[in-house]
Amino acid sequence: MSSTPQKRAVRKSPAERAAEITEAAREIALEAGLTALTLRNVAARVGVASGLVAHYQPNMDALVSSTFATIVAAETQEVAGLLSLQPGPSERLALLVDTLLDNSRLDVTAIWVEAWTLGRRNETLAASVREQMDAWQKVFQGVVEDGNATGAFNVSDAAAVAWQILGMVDGLNAQALVRWDGVNDRGTHLARAVEGMVGAAPGSVVAKPRL
């Protein structure tokens, strides 16, 4: 009885193979979470032996960390680009609140929540989480400082307010993962709270419709 020979992986350059593994890890994390990042799962997605993945990624903690950073940094960069199109700090703050509470981004929210938990026992991941949280805090802080400079906001400690707003966004998004009714219309409620925190005029932090 003859057996079907196993299909051999196409030979690729080290750079191509490394990029392929990185992308496979990103896809798996977004679809099934960071805990699904195993040698076997990544190898199956790429279509190679687990040993080959281990050759390029000998430390799975590092792969989890880099995959997390790749996913969340891409969102940070995307949102920063959207902010640059807004006319003033009130509009930028409104867009931040509206965009980050968009239900279409819950897959990234899930990555954040999972990383906070896994980071307790994966210091490489924890360091990456802290770095990415700092990056988001700087985005919020920059918007608040711009508002202070133009007179739209009145804040004595922009860094502290930025952390507070970021924490509120993170908390509401985490609650939304389980579709809790208490977070319905959370964008409107958060916008009103944020107005008070930054000393903005009532009704000034209102997101414009996105095309």
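This is a predicted model: local features need pLDDT of at least 70, side-chain atom pairs count only at pLDDT 80 or more; totals for chains, interfaces and linings use all residues.

**Cavity lining, helix packing and overall layout**

The residues that line the largest cavity divide into eight nonpolar, two polar and three charged.

**The cavity**

- By the rule applied here, the count comes to one cavity of 30 Å³ or more, and the volume of the largest cavity is about 150 Å³.
- The lining of the largest cavity consists of 13 residues, and those nearest its centre are Glu75, Thr109, Trp112, Asp170 and Asn173.
- Two helices, α6 (106-118) and α8 (158-176), each supply at least two residues of that lining, and α6 gives the most to it, with five residues.

**Helices α1 and α2**

- The axes of α1 (residues 14-32) and α2 (residues 39-46) come within 9 Å of each other and cross at roughly 115°, which means that α1 is roughly perpendicular to α2.
- The crossing of α1 and α2 is right-handed.
- On the α1 side the contact is made by Arg17, Glu20, Ile21, Ala24, Glu27, Ile28 and Glu31, which meet Asn41, Val42, Arg45 and Val46 of α2.
- Sorted by class, the contact of α1 with α2 has five nonpolar, one polar and five charged residues.

**Helices α4 and α5**

- The axes of α4 (residues 60-83) and α5 (residues 89-100) come within 10 Å and cross at roughly 145°, and this crossing is right-handed.
- In α4, Glu75, Val79, Leu82 and Leu83 meet Arg92, Leu95, Leu96, Thr99 and Leu100 in α5.
- By class, the contact of α4 with α5 has six nonpolar, one polar and two charged residues.

**The chain as a whole**

- The chain has nine helices and zero strands, and from the N terminus on its elements run α-α-α-α-α-α-α-α-α.
- Taken along the principal axes, the C-alpha atoms of the chain fill a box of roughly 80 × 35 × 35 Å.

Methods
Residues are numbered from 1 along each chain as its sequence is written. Side-chain values use heavy atoms; hydrogens and water are left out. On a 1 Å grid over the protein atoms alone, a cavity is a set of points where a 1.4 Å probe fits but cannot get out, and a pocket is an open set with protein on both sides within 12 Å along at least five of seven lines; lining residues have an atom within 4 Å of a point. Grid points are joined across faces, edges and corners, and a volume is the space filled by probe spheres set on the points. Helices (H or I, at least four residues) and strands (E, at least two) are DSSP runs, numbered from the N terminus. Ala, Val, Leu, Ile, Met, Phe, Trp, Tyr, Cys and Pro count as nonpolar, Asp, Glu, Lys and Arg as charged, and the others, Gly among them, as polar. Axes are lines fitted to C-alpha atoms, for helices over the stretch in contact, and angles run from 0 to 180 degrees between N-to-C directions. Angles under 35 degrees count as roughly parallel, over 145 as roughly antiparallel, 65 to 115 as roughly perpendicular and the rest as oblique. A crossing is left-handed if the near helix is turned anticlockwise from the far one by less than a right angle, and right-handed if clockwise. Contact means heavy atoms within 4.5 Å.
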